[in-house]
Amino acid sequence: MATWVAYLGSKLPVGSHNAYHREIVDEIVKATPEALHIETLFASYQEAVELEQALIKQVAGSAYTTTVTDANERCDLWLRVFFEAQKAFMVAPVGSETLKHAEALKPIVGTYDGIHRHEQSRQVTETNGLLTAVATGEEVVAAVEALGFKPVFEQLRIENDRLEAAIRARNLEDADLLKAHGGLTASDQRKVVDNLYQQVVAHVNAYAIVEPSEAIDNFIIEATATADYYANIAARDNGATKPDLDPDPGTADPEDPGTTEPTDPTEPGDDSGTPGGV
């Protein structure tokens with residue numbers, strides 16, 4: 001007799017989490033909910049997984065999300081042009097006009113270097129500060145002109161304004177999405193999916209004990225293989241400890257104190273390797 005060990009995938013990013021549960025849904029359909037004795041529960045679980053996917057797609061597929069990403073990348077490149085070029089000019093011969101101008105810009109680079117790696121909204125604000133700094137003071141303005149940075153900053157201002165506008169539009173769109181789903185987010189729906197999944201695991205494990213069948217055992221083995229694949233992804237990408245998901249096929253001894261009994265199907269589980277709800 002196999003035991004289905006619950007794997008919630010708590011360390012998986014939202015997209016991978018949904019992909020994992022969609023695969024479990026497909027495996028249940030293949031085995032049939034009837035054979036697993038979860039007809040009613042499966043309908044709720046499947047619906048929850050589909051809603052999670054819809055919420056993820058609406059955010060990821062937003063035109064504004066694409067615009068934000070594109071504008072942010074272009075801002076990053078223009079910022080790097082300035083930072084790297086100014087540092088390159090710093091190796092000019094001592095006493096040269098080029099070195100003089102590069103040194104005039106050095107304090108600004110020291111203050112703003114690396115802002116292209118910051119969070120988008122913070123980067124917008126810091127970029128506005130940079131653009132103000134390079135337009136302030138005679139020496140600085142002369143250095144910008146002499147070293148050819150003026151068109152760089154003109155393009156940077158255009159892209160930074162575009163990024164700021166796109167961020168605001170995306171935030172408004174996110175707000176509309178929340179309103180459309182009664183304030184429900186993909187993160188909220190993930191919790192619903194996890195709860196229903198644990199109930200599914202508990203019911204299947206309970207029937208594996210009271211009405212064991214080859215169909216249930218085969219399903220548990222396939223579901224475990226799927227969980228193992230995603231557990232490896234989490235361990236690789238996030239340094240998470242991979243749980244023991246071995247379904248431990250064999251006949252359990254009811255007198256063995258180590259044997260676990262079915263409990264309330266709604267009891268929460270985790271990624272520890274303990275059979276979910278069992």
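**Exercise 1. Thr 32**

Determine whether Thr 32 is buried, partly exposed or exposed in this predicted model.

*Solution.* Step 1: the relative accessible area of Thr 32 is 28%. Step 2: buried means under 20% and exposed means over 50%, with partly exposed in between. Step 3: Thr 32 is therefore partly exposed. Step 4: as to its location, Thr 32 belongs to the loop between H1 and helix H2 (33-36). Step 5: its backbone carries a positive phi of about 80°, although Thr 32 is not a glycine.

**Exercise 2. His 37**

State where His 37 lies, what its phi is and which accessibility class it belongs to.

*Solution.* Step 1: the loop between H2 and H3 contains His 37. Step 2: the phi of His 37 is near 65°, a positive value in a residue other than glycine. Step 3: with a relative accessible area of 26%, His 37 is partly exposed.

**Exercise 3. Tyr 7 and Tyr 20**

Classify the aromatic pair of Tyr 7 and Tyr 20 as stacked, tilted or edge-to-face, and identify which parts of the chain the pair ties together.

*Solution.* Step 1: the centre-to-centre distance is 5.6 Å, and rings pair if their centres lie within 6.5 Å. Step 2: the planes stand at 70°, and angles over 60 degrees count as edge-to-face. Step 3: the pair of Tyr 7 and Tyr 20 is accordingly edge-to-face. Step 4: because Tyr 7 lies in the segment before helix H1 (14-31) and Tyr 20 in helix H1, the pair ties together parts that are 13 residues apart in sequence. Step 5: Tyr 7 counts as buried at 2% relative accessibility, and Tyr 20 counts as buried at 0%.

**Exercise 4. Tyr 45 and Tyr 197**

Classify the ring pair of Tyr 45 and Tyr 197, and state how many residues apart the two are.

*Solution.* Step 1: the ring centres are 6.4 Å apart, which falls within the 6.5 Å limit. Step 2: the planes meet at 40°, so the pair is tilted. Step 3: Tyr 45 is in helix H3 (residues 39-60) and Tyr 197 in helix H9 (residues 186-210); the two are 152 residues apart, and the pair links distant parts of the chain. Step 4: Tyr 45 has a relative accessible area of 0% and is buried; Tyr 197 is likewise buried, at 0%.

**Exercise 5. The aromatic cluster**

Give the count of aromatic pairs and list which residues the ring pairs link into a cluster.

*Solution.* Step 1: the count comes to 12 aromatic pairs. Step 2: ring pairs join Trp 4, Tyr 7, Tyr 20, Tyr 45, Tyr 197, Phe 219, Tyr 229 and Tyr 230 into a cluster.

Technical notes: Residues numbered from 1 in each chain as written. Predicted model: local features only at pLDDT ≥ 70, side-chain atom pairs only at ≥ 80, totals over all residues. Heavy atoms only, no water. Phe/Tyr/Trp six-rings, centres within 6.5 Å; stacked < 30°, edge-to-face > 60°. Helix = DSSP H or I, 4+ residues; strand = E, 2+ residues; numbered from the N terminus. Buried < 20%, exposed > 50% of the residue type's maximum accessible area, 1.4 Å probe, protein only.
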